[in-house]
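Please read them with the structure open.

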Number of protein chains: 2
Amino acid sequence: MSKGKMYVVSGPSGVGKGTVVKGLLEKYSEIFLSVSATTREKREGEEEGINYYYKGKQEFTDMIEKGEFLEWAKFCENYYGTPKKPVEKMLDAGKDVLLEIEIQGAMEVKKNFPESIFIFIAPPTVNDLLERLKGRGTEPEDVIALRVETAKKELGFAKEYDYIIVNDIVEKTVEDFISIITAERLKTERCIDELEVLK
Amino acid sequence: MSKGKMYVVSGPSGVGKGTVVKGLLEKYSEIFLSVSATTREKREGEEEGINYYYKGKQEFTDMIEKGEFLEWAKFCENYYGTPKKPVEKMLDAGKDVLLEIEIQGAMEVKKNFPESIFIFIAPPTVNDLLERLKGRGTEPEDVIALRVETAKKELGFAKEYDYIIVNDIVEKTVEDFISIITAERLKTERCIDELEVLK
């Protein structure tokens, strides 16, 4: 049996990638969503192994030192990372794995696992992204200006990805995503060893 | 505007690729089916430029000499080939082009236009192909034996293609084909220059 493929999806903040991933998993069950580890507190309603694997700071940094993350980052005093072991187990079992991670983490995965498939979710227009980033209009202007600056920088990373999907209508984005996974599975190097008729 | 992509589809005799192409064109209109040229007689109901471009032998061999074919072959005293000009015109206009050709011709295209996308239609099982090759059971056994021999050789070329689709249920095969075209259009190198938001 051939190994599974790792799909790494990211995009600028506010592009709606969480909604796309949710929509994908509802329509396409043959992919395993990787669960991140974090040192931040478990929130009401969250579950270990569903939302996150909750780790102590020492435990997390030990795991970093032992090379047990595919990628990790620190945001606002908390660590976040993708544990390697459950992903590798799924891939070895021939299952595809989906990582929804920040661009910074995706670039780290690309360096270490270039055979993964990198998908960038782009907004239809910059304006569309600005509208989303403004949120409910309650944030001060300088916070919004910083977000916009970051989002523009993030768009510059699109060229590092294998595929770009413009997230205009979410159902269409999900269909495009499924087309990519389907096509990747039909690639000769991926399927030829499994085809009875070609043995 | 970026150039269109050339899709080359073939497979062993009897695999049903004609039906797949017909089904594809019914569901997906954004691809232009290349029309072959031939020296064989026009048959009742056929139309110039729809079924074939009908050429005289001299005209055809002149075109060969001038390098005006993407690929050509001679079967049973008649020439068949894919004229280069209409295909290039479509590709330059940013349209995708579909070539349904024999494996021998596909390998010629691969040598000269390796940037094309090669799709191999495979039968679910060898037995399935045998059943189709036996046809209505009216052919002598040695003719069938030869067909089987050829089909087995043809299956050996699957590894030269970019994608392999197993033609079990034709509707599924058509959907897989559309997924491949969709995914190819979402490839970063194909779409990045067209995306307003990334300019």
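1. Two strands count as paired if DSSP finds at least two bridges between them. Helices (H or I, at least four residues) and strands (E, at least two) are DSSP runs, numbered from the N terminus. In chain A, β1 (residues 6-10) and β7 (residues 96-100) run parallel and are joined by four bridges. M6(A) has V97(A) as its bridge partner in β7(A).

2. This is a predicted model: local features need pLDDT of at least 70, side-chain atom pairs count only at pLDDT 80 or more, and totals for chains, interfaces and linings use all residues. Residues are numbered from 1 along each chain as its sequence is written, and chains are lettered from A and ligands numbered from 1 in the order in which they are written.

3. The open sheet of chain A has five strands in the order β2-β7-β1-β8-β9, with parallel pairing. β2 (31-33) and β9 (163-166) of chain A each have a single partner strand, so one side of each is left without a neighbour in the sheet.

4. Where do the two chains' α7 helices pack? Helix α7 (residues 170-186) of chain A packs against helix α7 (residues 170-186) of chain B at about 105°, with axes 8 Å apart. Axes are lines fitted to C-alpha atoms, for helices over the stretch in contact, and angles run from 0 to 180 degrees between N-to-C directions. α7(A) is therefore roughly perpendicular (65 to 115 degrees) to α7(B).

Terms used:
Angles under 35 degrees count as roughly parallel, over 145 as roughly antiparallel, 65 to 115 as roughly perpendicular and the rest as oblique.
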